[in-house]
Amino acid sequence: MLQLQVLRDQTQKVIAGLTKRNFREAESIVNEVLLVDTDRRATQGLLDDIRAKSNADSKKIGELMKAGKSEEATTLRNAVAADKENIKINENRLADLEAQLQQLLYRIPNVPAEQVPPGKTPDDNITTYEWGKVPTLAADAQPHWELIKKYDIIDFELGVKISGAGFPVYKGKGARLQRALINFFLDEALALGYTEIQPPIVVNEASGYGTGQLPDKEGQMYFATEDKLYLIPTAEVPITNLYRDVVLGDDDLPVKNVGYTPCFRREAGSWGAHVRGLNRLHQFDKVEIVRIARPEESYDVLEEMCTHVQGLLEKLELPYRRLLLCGGDMGFNSAMTFDMEVFSAAQQRWLEVSSVSNFETFQANRLKLRHKGKDGKVQLLHTLNGSALALPRIVAAIIENNQSKDGIVIPKVLRSYTGFDLIS
RNA sequence: GGAGAGAUGCCAGAGCGGUCGAAUGGGCCGGUCUCGAAAACCGGUGUGCGGGCAACUGUACCGAGGGUUCGAAUCCCUCUCUCUCCGCCA
(Lines give C-alpha, C1' and ligand atoms only; values in the text may rest on other atoms or scores of the structure.)
Protein backbone atom coordinates (compact mmCIF):
# COMPACT_ATOMS: atom_id res chain seq x y z
CA MET A 1 0.00 0.00 0.00
CA LEU A 2 1.40 3.34 -1.01
CA GLN A 3 1.71 6.07 1.58
CA LEU A 4 -0.86 8.83 1.36
CA GLN A 5 1.83 11.39 2.03
CA VAL A 6 3.77 10.22 -1.03
CA LEU A 7 0.64 10.26 -3.12
CA ARG A 8 0.00 13.84 -2.05
CA ASP A 9 3.54 15.16 -2.37
CA GLN A 10 4.66 13.33 -5.50
CA THR A 11 1.46 12.83 -7.40
CA GLN A 12 2.90 13.15 -10.90
CA LYS A 13 5.84 10.91 -10.11
CA VAL A 14 3.52 8.23 -8.78
CA ILE A 15 1.29 8.39 -11.83
CA ALA A 16 4.27 8.20 -14.15
CA GLY A 17 5.60 5.19 -12.25
CA LEU A 18 2.29 3.38 -12.31
CA THR A 19 1.98 4.03 -16.00
CA LYS A 20 5.31 2.27 -16.47
CA ARG A 21 3.71 -0.89 -15.19
CA ASN A 22 0.67 -0.36 -17.44
CA PHE A 23 -1.67 0.36 -14.61
CA ARG A 24 -4.28 2.00 -16.76
CA GLU A 25 -6.43 3.49 -14.05
CA ALA A 26 -3.41 5.23 -12.52
CA GLU A 27 -4.44 8.79 -13.09
CA SER A 28 -8.13 8.40 -12.31
CA ILE A 29 -7.63 6.35 -9.18
CA VAL A 30 -4.90 8.62 -7.81
CA ASN A 31 -7.07 11.64 -8.39
CA GLU A 32 -9.92 9.93 -6.64
CA VAL A 33 -7.67 9.21 -3.69
CA LEU A 34 -6.67 12.85 -3.51
CA LEU A 35 -10.27 13.95 -3.67
CA VAL A 36 -11.43 11.60 -0.93
CA ASP A 37 -8.40 12.54 1.14
CA THR A 38 -9.24 16.23 0.96
CA ASP A 39 -12.73 15.45 2.11
CA ARG A 40 -11.41 13.24 4.85
CA ARG A 41 -9.13 15.91 6.24
CA ALA A 42 -11.83 18.54 6.20
CA THR A 43 -14.16 16.17 8.01
CA GLN A 44 -11.58 15.34 10.61
CA GLY A 45 -10.87 19.02 11.21
CA LEU A 46 -14.55 19.67 11.73
CA LEU A 47 -14.99 16.65 13.96
CA ASP A 48 -12.00 17.57 16.09
CA ASP A 49 -13.37 21.06 16.61
CA ILE A 50 -16.77 19.82 17.73
CA ARG A 51 -15.15 17.30 20.01
CA ALA A 52 -12.91 19.95 21.51
CA LYS A 53 -15.92 22.11 22.30
CA SER A 54 -17.86 19.18 23.68
CA ASN A 55 -14.94 18.10 25.85
CA ALA A 56 -14.53 21.61 27.22
CA ASP A 57 -18.25 21.89 27.95
CA SER A 58 -18.36 18.54 29.68
CA LYS A 59 -15.53 19.61 31.90
CA LYS A 60 -17.37 22.82 32.68
CA ILE A 61 -20.48 20.90 33.62
CA GLY A 62 -18.50 19.05 36.22
CA GLU A 63 -17.25 22.32 37.67
CA LEU A 64 -20.71 23.87 37.71
CA MET A 65 -22.13 20.82 39.47
CA LYS A 66 -19.44 21.06 42.08
CA ALA A 67 -20.20 24.73 42.56
CA GLY A 68 -23.87 23.91 42.94
CA LYS A 69 -24.99 25.85 39.88
CA SER A 70 -27.23 23.11 38.61
CA GLU A 71 -29.36 25.35 36.36
CA GLU A 72 -26.41 26.50 34.31
CA ALA A 73 -25.21 22.93 34.18
CA THR A 74 -28.48 21.77 32.72
CA THR A 75 -28.40 24.41 30.01
CA LEU A 76 -24.92 23.35 29.04
CA ARG A 77 -25.95 19.74 29.13
CA ASN A 78 -28.48 20.37 26.41
CA ALA A 79 -25.87 22.09 24.30
CA VAL A 80 -23.55 19.12 24.61
CA ALA A 81 -26.35 16.75 23.71
CA ALA A 82 -26.78 18.65 20.46
CA ASP A 83 -23.07 18.45 19.76
CA LYS A 84 -23.22 14.75 20.35
CA GLU A 85 -25.55 14.31 17.43
CA ASN A 86 -23.18 16.29 15.30
CA ILE A 87 -20.22 14.23 16.46
CA LYS A 88 -21.99 11.04 15.58
CA ILE A 89 -22.77 12.25 12.07
CA ASN A 90 -19.20 13.32 11.42
CA GLU A 91 -17.73 10.20 12.95
CA ASN A 92 -19.75 8.08 10.58
CA ARG A 93 -18.79 10.27 7.70
CA LEU A 94 -15.11 10.06 8.62
CA ALA A 95 -15.22 6.29 8.99
CA ASP A 96 -16.89 6.08 5.64
CA LEU A 97 -14.27 8.21 3.95
CA GLU A 98 -11.45 6.29 5.58
CA ALA A 99 -12.89 3.02 4.38
CA GLN A 100 -13.23 4.43 0.88
CA LEU A 101 -9.64 5.61 0.97
CA GLN A 102 -8.45 2.25 2.21
CA GLN A 103 -10.23 0.42 -0.58
CA LEU A 104 -8.76 2.74 -3.18
CA LEU A 105 -5.27 2.40 -1.76
CA TYR A 106 -5.54 -1.39 -1.78
CA ARG A 107 -6.10 -1.26 -5.51
CA ILE A 108 -2.98 0.71 -6.35
CA PRO A 109 0.14 -1.36 -7.02
CA ASN A 110 3.62 -0.33 -5.98
CA VAL A 111 5.53 2.28 -7.96
CA PRO A 112 8.40 0.68 -9.87
CA ALA A 113 11.91 1.88 -9.07
CA GLU A 114 13.69 4.25 -11.47
CA GLN A 115 15.79 1.51 -13.04
CA VAL A 116 12.83 -0.70 -13.87
CA PRO A 117 12.32 -0.75 -17.63
CA PRO A 118 8.89 -0.10 -19.12
CA GLY A 119 7.20 -3.02 -20.82
CA LYS A 120 4.14 -5.18 -20.94
CA THR A 121 5.13 -8.80 -21.18
CA PRO A 122 7.98 -11.08 -20.15
CA ASP A 123 9.51 -10.33 -23.57
CA ASP A 124 10.30 -6.86 -22.27
CA ASN A 125 12.34 -8.14 -19.35
CA ILE A 126 16.04 -7.42 -19.53
CA THR A 127 18.62 -10.16 -19.16
CA THR A 128 21.30 -8.61 -16.99
CA TYR A 129 23.51 -11.63 -16.53
CA GLU A 130 24.00 -15.13 -17.83
CA TRP A 131 26.04 -17.93 -16.40
CA GLY A 132 26.99 -21.44 -17.40
CA LYS A 133 26.85 -23.51 -20.49
CA VAL A 134 23.68 -25.20 -21.58
CA PRO A 135 24.51 -28.89 -21.71
CA THR A 136 24.03 -30.74 -24.97
CA LEU A 137 21.96 -33.77 -24.21
CA ALA A 138 21.72 -37.03 -26.06
CA ALA A 139 19.09 -37.25 -28.77
CA ASP A 140 16.92 -39.46 -26.63
CA ALA A 141 17.01 -37.08 -23.65
CA GLN A 142 13.75 -37.03 -21.71
CA PRO A 143 11.83 -34.41 -19.78
CA HIS A 144 11.71 -34.83 -16.02
CA TRP A 145 8.15 -36.15 -15.98
CA GLU A 146 9.37 -39.18 -17.87
CA LEU A 147 12.57 -39.54 -15.86
CA ILE A 148 10.84 -39.49 -12.48
CA LYS A 149 8.75 -42.43 -13.60
CA LYS A 150 11.71 -44.26 -15.02
CA TYR A 151 13.60 -44.03 -11.71
CA ASP A 152 10.46 -44.11 -9.58
CA ILE A 153 11.41 -41.11 -7.44
CA ILE A 154 8.35 -38.87 -7.73
CA ASP A 155 4.84 -40.24 -8.10
CA PHE A 156 2.03 -38.02 -9.32
CA GLU A 157 -0.58 -40.77 -9.52
CA LEU A 158 -0.11 -41.65 -5.89
CA GLY A 159 -0.49 -38.00 -5.05
CA VAL A 160 -3.75 -37.87 -6.96
CA LYS A 161 -4.97 -40.87 -5.03
CA ILE A 162 -4.38 -39.41 -1.58
CA SER A 163 -4.80 -35.68 -2.28
CA GLY A 164 -5.30 -34.59 -5.86
CA ALA A 165 -3.49 -33.32 -8.93
CA GLY A 166 -0.45 -31.17 -8.17
CA PHE A 167 0.41 -32.96 -4.94
CA PRO A 168 3.27 -35.26 -5.83
CA VAL A 169 4.66 -37.98 -3.59
CA TYR A 170 8.44 -38.03 -3.35
CA LYS A 171 9.85 -41.47 -2.84
CA GLY A 172 13.21 -42.98 -1.98
CA LYS A 173 16.03 -41.02 -3.56
CA GLY A 174 13.52 -38.45 -4.71
CA ALA A 175 12.57 -37.70 -1.12
CA ARG A 176 16.20 -37.67 -0.06
CA LEU A 177 17.09 -35.28 -2.84
CA GLN A 178 14.40 -32.92 -1.56
CA ARG A 179 15.72 -33.06 1.96
CA ALA A 180 19.28 -32.59 0.75
CA LEU A 181 18.36 -29.44 -1.18
CA ILE A 182 16.48 -27.96 1.76
CA ASN A 183 19.40 -28.53 4.10
CA PHE A 184 21.89 -27.25 1.56
CA PHE A 185 19.92 -24.05 1.01
CA LEU A 186 19.47 -23.45 4.72
CA ASP A 187 23.13 -24.06 5.49
CA GLU A 188 24.22 -21.67 2.76
CA ALA A 189 22.04 -18.93 4.21
CA LEU A 190 23.20 -19.59 7.75
CA ALA A 191 26.78 -19.23 6.59
CA LEU A 192 25.88 -15.72 5.48
CA GLY A 193 24.50 -14.79 8.87
CA TYR A 194 20.83 -15.48 8.37
CA THR A 195 18.69 -16.56 11.30
CA GLU A 196 16.66 -19.67 10.70
CA ILE A 197 12.93 -19.44 11.35
CA GLN A 198 10.37 -22.21 11.44
CA PRO A 199 7.06 -20.41 11.17
CA PRO A 200 3.53 -21.76 11.26
CA ILE A 201 2.32 -22.74 7.81
CA VAL A 202 -1.19 -21.46 8.40
CA VAL A 203 -1.83 -17.78 9.03
CA ASN A 204 -4.73 -15.61 10.07
CA GLU A 205 -6.47 -12.97 8.05
CA ALA A 206 -4.46 -10.06 9.47
CA SER A 207 -1.27 -11.66 8.18
CA GLY A 208 -2.80 -12.06 4.75
CA TYR A 209 -3.46 -8.34 4.68
CA GLY A 210 -0.04 -7.54 6.08
CA THR A 211 1.89 -8.92 3.14
CA GLY A 212 -0.71 -8.17 0.49
CA GLN A 213 -2.28 -11.55 -0.27
CA LEU A 214 -5.54 -10.06 0.93
CA PRO A 215 -7.75 -8.60 -0.26
CA ASP A 216 -8.25 -9.83 -3.83
CA LYS A 217 -5.96 -12.83 -3.94
CA GLU A 218 -7.85 -15.04 -1.50
CA GLY A 219 -8.69 -17.33 -4.41
CA GLN A 220 -5.05 -18.33 -4.59
CA MET A 221 -4.86 -19.59 -1.02
CA TYR A 222 -6.28 -22.68 0.60
CA PHE A 223 -8.56 -21.68 3.44
CA ALA A 224 -9.59 -23.65 6.51
CA THR A 225 -13.07 -22.27 7.06
CA GLU A 226 -13.66 -23.72 10.51
CA ASP A 227 -10.77 -21.79 12.02
CA LYS A 228 -10.43 -19.04 9.43
CA LEU A 229 -6.82 -19.88 8.66
CA TYR A 230 -5.01 -19.68 5.35
CA LEU A 231 -2.37 -22.14 4.19
CA ILE A 232 0.65 -20.07 3.33
CA PRO A 233 1.52 -19.60 -0.35
CA THR A 234 5.09 -18.75 0.67
CA ALA A 235 7.15 -18.39 3.87
CA GLU A 236 7.27 -14.70 3.08
CA VAL A 237 3.84 -14.35 4.66
CA PRO A 238 4.50 -15.66 8.18
CA ILE A 239 8.12 -14.52 8.35
CA THR A 240 7.41 -10.97 7.23
CA ASN A 241 4.35 -10.77 9.47
CA LEU A 242 6.56 -11.49 12.44
CA TYR A 243 7.26 -7.79 12.15
CA ARG A 244 3.70 -6.55 11.84
CA ASP A 245 3.06 -3.61 14.20
CA VAL A 246 6.67 -3.56 15.25
CA VAL A 247 9.01 -0.65 15.78
CA LEU A 248 12.61 -1.81 15.45
CA GLY A 249 15.53 -0.05 17.10
CA ASP A 250 19.05 0.36 15.77
CA ASP A 251 20.11 -2.78 17.62
CA ASP A 252 17.48 -4.87 15.88
CA LEU A 253 18.82 -4.18 12.40
CA PRO A 254 19.62 -5.65 10.01
CA VAL A 255 17.02 -8.39 9.97
CA LYS A 256 18.13 -11.43 7.96
CA ASN A 257 15.76 -14.34 8.23
CA VAL A 258 15.64 -17.60 6.35
CA GLY A 259 12.99 -20.25 6.57
CA TYR A 260 12.03 -23.49 4.96
CA THR A 261 8.33 -24.21 4.56
CA PRO A 262 6.04 -26.09 2.26
CA CYS A 263 4.01 -23.67 0.16
CA PHE A 264 0.43 -24.09 -0.97
CA ARG A 265 -1.11 -22.51 -4.01
CA ARG A 266 -4.47 -23.19 -5.52
CA GLU A 267 -3.28 -21.95 -8.93
CA ALA A 268 -6.89 -21.67 -9.97
CA GLY A 269 -7.24 -21.79 -13.72
CA SER A 270 -3.57 -21.87 -14.57
CA TRP A 271 -3.11 -25.42 -15.79
CA GLY A 272 -1.94 -26.20 -19.29
CA ALA A 273 0.84 -27.53 -21.45
CA HIS A 274 3.53 -25.45 -19.76
CA VAL A 275 2.79 -26.70 -16.33
CA ARG A 276 3.45 -30.38 -16.72
CA GLY A 277 5.25 -32.36 -14.10
CA LEU A 278 7.05 -30.30 -11.50
CA ASN A 279 6.68 -27.01 -13.31
CA ARG A 280 3.63 -25.99 -11.30
CA LEU A 281 2.29 -27.61 -8.17
CA HIS A 282 -0.30 -27.04 -5.47
CA GLN A 283 2.20 -27.93 -2.78
CA PHE A 284 5.92 -27.43 -3.04
CA ASP A 285 8.92 -26.76 -0.86
CA LYS A 286 10.84 -23.53 -0.71
CA VAL A 287 13.55 -21.89 1.29
CA GLU A 288 12.84 -18.21 1.53
CA ILE A 289 15.06 -15.33 2.60
CA VAL A 290 13.45 -12.27 4.13
CA ARG A 291 15.27 -9.04 4.83
CA ILE A 292 14.31 -5.84 6.57
CA ALA A 293 16.52 -2.90 5.85
CA ARG A 294 16.84 0.84 6.20
CA PRO A 295 15.58 2.65 3.12
CA GLU A 296 19.03 3.88 2.13
CA GLU A 297 20.45 0.37 2.21
CA SER A 298 17.70 -1.67 0.62
CA TYR A 299 19.03 -1.74 -2.92
CA ASP A 300 22.43 -2.90 -1.73
CA VAL A 301 20.61 -5.62 0.16
CA LEU A 302 18.67 -6.57 -2.96
CA GLU A 303 21.95 -7.00 -4.84
CA GLU A 304 23.40 -9.01 -2.00
CA MET A 305 20.41 -11.34 -2.07
CA CYS A 306 20.71 -11.85 -5.81
CA THR A 307 24.36 -12.65 -5.46
CA HIS A 308 23.50 -15.22 -2.82
CA VAL A 309 20.87 -16.87 -5.01
CA GLN A 310 23.18 -16.87 -8.03
CA GLY A 311 25.86 -18.49 -5.90
CA LEU A 312 23.48 -21.33 -5.08
CA LEU A 313 22.78 -21.96 -8.74
CA GLU A 314 26.48 -21.87 -9.58
CA LYS A 315 27.26 -24.36 -6.84
CA LEU A 316 24.57 -26.61 -8.23
CA GLU A 317 26.17 -26.14 -11.66
CA LEU A 318 22.90 -25.07 -13.24
CA PRO A 319 23.10 -22.64 -16.16
CA TYR A 320 20.98 -19.62 -15.43
CA ARG A 321 20.15 -16.10 -16.44
CA ARG A 322 19.21 -13.13 -14.36
CA LEU A 323 16.33 -10.96 -15.48
CA LEU A 324 15.34 -7.48 -14.43
CA LEU A 325 11.58 -7.58 -14.71
CA CYS A 326 9.87 -4.87 -16.71
CA GLY A 327 7.09 -2.81 -15.20
CA GLY A 328 4.36 -4.93 -16.71
CA ASP A 329 5.71 -8.25 -15.47
CA MET A 330 6.35 -7.29 -11.86
CA GLY A 331 4.21 -8.38 -8.95
CA PHE A 332 1.68 -6.02 -7.42
CA ASN A 333 3.74 -5.29 -4.30
CA SER A 334 7.19 -5.01 -5.78
CA ALA A 335 9.24 -1.94 -6.60
CA MET A 336 11.95 -3.96 -8.31
CA THR A 337 12.26 -7.66 -9.01
CA PHE A 338 15.00 -9.88 -10.36
CA ASP A 339 14.06 -13.34 -11.56
CA MET A 340 16.55 -16.15 -11.83
CA GLU A 341 15.80 -18.67 -14.52
CA VAL A 342 17.46 -22.00 -15.00
CA PHE A 343 17.67 -23.50 -18.45
CA SER A 344 16.16 -26.91 -18.79
CA ALA A 345 17.89 -28.63 -21.66
CA ALA A 346 15.30 -31.34 -21.99
CA GLN A 347 12.35 -28.97 -22.09
CA GLN A 348 14.33 -26.40 -24.04
CA ARG A 349 13.01 -23.58 -21.92
CA TRP A 350 13.92 -21.30 -19.08
CA LEU A 351 12.34 -22.11 -15.74
CA GLU A 352 11.87 -19.46 -13.10
CA VAL A 353 13.46 -20.75 -9.91
CA SER A 354 13.77 -17.58 -7.88
CA SER A 355 12.24 -14.17 -7.64
CA VAL A 356 14.00 -11.57 -5.53
CA SER A 357 12.17 -8.35 -4.78
CA ASN A 358 12.46 -5.06 -2.98
CA PHE A 359 9.08 -3.87 -1.78
CA GLU A 360 10.45 -0.64 -0.39
CA THR A 361 7.83 0.71 2.05
CA PHE A 362 4.87 -0.87 0.27
CA GLN A 363 4.54 -3.82 2.64
CA ALA A 364 5.91 -1.96 5.65
CA ASN A 365 3.17 0.61 5.31
CA ARG A 366 0.53 -2.07 5.64
CA LEU A 367 2.43 -3.94 8.31
CA LYS A 368 3.20 -0.74 10.23
CA LEU A 369 6.78 -1.93 10.37
CA ARG A 370 8.92 0.99 11.40
CA HIS A 371 12.31 1.97 12.65
CA LYS A 372 13.03 4.36 15.46
CA GLY A 373 16.47 5.84 15.47
CA LYS A 374 18.49 7.32 18.31
CA ASP A 375 17.17 10.72 17.25
CA GLY A 376 13.66 9.53 18.02
CA LYS A 377 12.55 9.74 14.44
CA VAL A 378 10.18 7.04 13.28
CA GLN A 379 10.15 5.91 9.68
CA LEU A 380 8.92 2.99 7.63
CA LEU A 381 11.47 0.32 6.82
CA HIS A 382 11.97 -1.54 3.56
CA THR A 383 11.12 -5.22 3.20
CA LEU A 384 12.69 -7.62 0.73
CA ASN A 385 12.42 -11.27 0.04
CA GLY A 386 13.54 -13.92 -2.36
CA SER A 387 13.39 -17.61 -2.97
CA ALA A 388 16.65 -19.30 -2.16
CA LEU A 389 15.43 -21.52 -3.62
CA ALA A 390 12.15 -23.09 -4.72
CA LEU A 391 12.64 -26.82 -5.02
CA PRO A 392 10.49 -28.32 -7.76
CA ARG A 393 11.99 -26.62 -10.75
CA ILE A 394 15.48 -27.00 -9.34
CA VAL A 395 14.77 -30.68 -9.02
CA ALA A 396 13.37 -30.73 -12.55
CA ALA A 397 16.46 -28.98 -13.91
CA ILE A 398 18.87 -31.24 -12.06
CA ILE A 399 17.05 -34.34 -13.26
CA GLU A 400 16.89 -33.19 -16.85
CA ASN A 401 20.28 -31.52 -17.26
CA ASN A 402 22.18 -34.21 -15.41
CA GLN A 403 20.64 -37.23 -17.07
CA SER A 404 23.06 -39.72 -18.53
CA LYS A 405 22.98 -43.26 -19.69
CA ASP A 406 24.02 -44.37 -16.21
CA GLY A 407 21.40 -42.34 -14.41
CA ILE A 408 20.95 -38.87 -12.93
CA VAL A 409 24.18 -37.40 -11.67
CA ILE A 410 23.89 -35.55 -8.35
CA PRO A 411 25.71 -32.18 -8.28
CA LYS A 412 28.91 -32.42 -6.24
CA VAL A 413 27.88 -29.99 -3.51
CA LEU A 414 24.82 -32.04 -2.75
CA ARG A 415 26.48 -35.40 -2.39
CA SER A 416 27.35 -35.01 1.27
CA TYR A 417 23.70 -34.18 1.84
CA THR A 418 22.14 -36.92 -0.28
CA GLY A 419 24.53 -39.68 0.60
CA PHE A 420 24.52 -40.91 -3.01
CA ASP A 421 26.06 -39.73 -6.30
CA LEU A 422 23.64 -41.15 -8.75
CA ILE A 423 19.97 -41.89 -9.18
CA SER A 424 19.72 -45.01 -11.23
C1' G B 1 -13.82 -29.65 25.85
C1' G B 2 -15.15 -27.98 31.46
C1' A B 3 -14.15 -24.30 35.73
C1' G B 4 -11.87 -19.86 37.33
C1' A B 5 -8.63 -15.35 36.86
C1' G B 6 -6.88 -11.59 33.87
C1' A B 7 -5.64 -8.05 29.50
C1' U B 8 -3.13 -0.46 31.37
C1' G B 9 2.99 2.93 28.47
C1' C B 10 9.77 -0.45 26.81
C1' C B 11 9.00 -3.70 31.52
C1' A B 12 6.67 -4.26 36.37
C1' G B 13 2.50 -2.21 38.44
C1' A B 14 -1.38 1.68 40.59
C1' G B 15 -5.74 3.75 39.04
C1' C B 16 -13.37 6.95 44.09
C1' G B 17 -17.24 7.92 36.60
C1' G B 18 -14.88 14.46 35.90
C1' U B 19 -8.65 17.60 37.85
C1' C B 20 -6.00 10.45 33.78
C1' G B 21 -2.13 10.15 28.31
C1' A B 22 -2.50 7.92 32.88
C1' A B 23 0.69 7.38 39.99
C1' U B 24 5.04 4.70 41.54
C1' G B 25 9.35 1.67 40.57
C1' G B 26 12.71 -0.24 36.90
C1' G B 27 14.88 0.40 32.12
C1' C B 28 16.62 3.78 28.42
C1' C B 29 18.42 8.86 26.87
C1' G B 30 20.53 13.69 28.39
C1' G B 31 22.80 16.52 32.34
C1' U B 32 25.37 17.56 37.25
C1' C B 33 29.31 15.22 40.03
C1' U B 34 34.11 12.21 38.64
C1' C B 35 40.69 11.53 35.89
C1' G B 36 37.05 7.81 34.25
C1' A B 37 33.16 4.73 36.06
C1' A B 38 29.64 3.35 39.87
C1' A B 39 26.42 5.62 43.34
C1' A B 40 23.52 9.94 44.13
C1' C B 41 20.73 13.95 42.26
C1' C B 42 18.07 16.79 38.18
C1' G B 43 15.49 16.55 33.52
C1' G B 44 13.47 13.82 29.43
C1' U B 45 11.24 9.32 27.53
C1' G B 46 4.21 6.61 23.23
C1' U B 47 1.66 6.21 18.52
C1' G B 48 -1.93 7.57 14.62
C1' C B 49 -4.60 11.49 12.33
C1' G B 50 -5.71 16.94 11.58
C1' G B 51 -3.69 22.20 11.73
C1' G B 52 1.11 24.95 11.68
C1' C B 53 7.50 26.84 8.27
C1' A B 54 8.30 25.88 13.31
C1' A B 55 7.79 26.19 18.55
C1' C B 56 3.49 24.11 19.29
C1' U B 57 -1.53 22.71 19.12
C1' G B 58 -6.54 19.93 18.43
C1' U B 59 -8.22 15.00 18.50
C1' A B 60 -8.20 9.69 19.13
C1' C B 61 -6.01 5.51 21.46
C1' C B 62 -5.49 1.95 28.65
C1' G B 63 -6.80 -6.13 24.20
C1' A B 64 -10.96 -5.36 19.90
C1' G B 65 -15.96 -3.79 18.82
C1' G B 66 -20.57 -1.91 20.61
C1' G B 67 -23.56 0.50 24.69
C1' U B 68 -24.93 3.60 29.25
C1' U B 69 -23.60 8.89 30.65
C1' C B 70 -23.22 15.91 29.79
C1' G B 71 -18.49 13.10 30.82
C1' A B 72 -15.65 6.12 30.70
C1' A B 73 -9.05 3.18 31.59
C1' U B 74 -12.96 3.10 35.44
C1' C B 75 -20.10 0.80 34.61
C1' C B 76 -22.81 -2.85 30.97
C1' C B 77 -22.74 -6.33 26.54
C1' U B 78 -20.15 -9.17 22.70
C1' C B 79 -15.66 -10.99 20.80
C1' U B 80 -10.38 -12.19 20.90
C1' C B 81 -6.26 -13.56 23.49
C1' U B 82 -3.34 -15.00 27.94
C1' C B 83 -2.76 -17.56 32.59
C1' U B 84 -4.24 -21.42 36.44
C1' C B 85 -6.80 -26.05 37.49
C1' C B 86 -9.32 -30.44 35.31
C1' G B 87 -9.94 -33.58 30.95
C1' C B 88 -7.67 -35.34 26.38
C1' C B 89 -3.12 -36.01 23.97
C1' A B 90 2.06 -35.92 20.06
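Is L384 buried or exposed? At 1% relative accessibility, L384 counts as buried (buried means under 20% relative accessible area, exposed over 50%, and partly exposed in between, with a 1.4 Å probe and protein chains only). Before we go on, please note that this is a predicted model, in which local features need pLDDT of at least 70 and side-chain atom pairs count only at pLDDT 80 or more, while totals for chains, interfaces and linings use all residues. Residues are numbered from 1 along each chain as its sequence is written, chains are lettered from A and ligands numbered from 1 in the order in which they are written, and side-chain values use heavy atoms, with hydrogens and water left out.

**Around L384**

L384 is found in strand β16 (helices, H or I of at least four residues, and strands, E of at least two, are DSSP runs numbered from the N terminus). Not counting residues up to four places away in sequence, L384 touches I289, V290, R291, A293, S298, V301, L302, M305, S357, N358 and F359 (contact means heavy atoms within 4.5 Å). I408 is 24 residues from L384 in sequence, and their C-alpha atoms are 35 Å apart in space.

**The nonpolar cores**

In soluble globular proteins, nonpolar side chains tend to be buried together. Here the largest nonpolar core has 60 residues, and L181, F185, L313 and I394 touch the most other members (such a core is a set of buried Ala, Val, Leu, Ile, Met, Phe, Trp, Tyr and Cys residues joined through side-chain atoms within 4.5 Å). Another core, of 21 residues, lies apart from it, with M1, L2, L7 and F23 among them.

Ala, Val, Leu, Ile, Met, Phe, Trp, Tyr, Cys and Pro count as nonpolar, Asp, Glu, Lys and Arg as charged, and the others, Gly among them, as polar.

| Pocket | Volume | Lining by class |
|---|---|---|
| Largest pocket | about 1,600 Å³ | 16 nonpolar, 17 polar, 15 charged residues |
| Second largest pocket | about 440 Å³ | eight nonpolar, five polar, four charged residues |

Of the 48 residues lining the largest pocket, R265, E267, R280, E352 and S355 are the closest to its centre. Strand β13 gives the most to this lining, with nine residues. For the second largest pocket, the lining has 17 residues, and Q10, K13, V111, P112 and E360 are the closest to its centre. Helix α2 (residues 11-20) gives the most there, with four residues.

T11, V14, I15, G17, L18 and K20 are the buried residues of α2, and what covers them includes α1 (4-9) and α3 (26-66). After α2 comes N22, whose phi is positive, near 60°.

N241 lies in helix α9 (residues 236-241) and counts as buried because its relative accessibility is 9%. The N241 side chain makes a polar contact of 3.3 Å with that of T211 and one of 2.8 Å with that of R244 (a polar contact is a pair of N or O atoms within 3.5 Å; within protein, one must be able to donate a hydrogen and the other to accept it, and residues adjacent in sequence count only if both atoms are side-chain atoms).

Definitions and conventions
On a 1 Å grid over the protein atoms alone, a cavity is a set of points where a 1.4 Å probe fits but cannot get out, and a pocket is an open set with protein on both sides within 12 Å along at least five of seven lines; lining residues have an atom within 4 Å of a point. Grid points are joined across faces, edges and corners, and a volume is the space filled by probe spheres set on the points.
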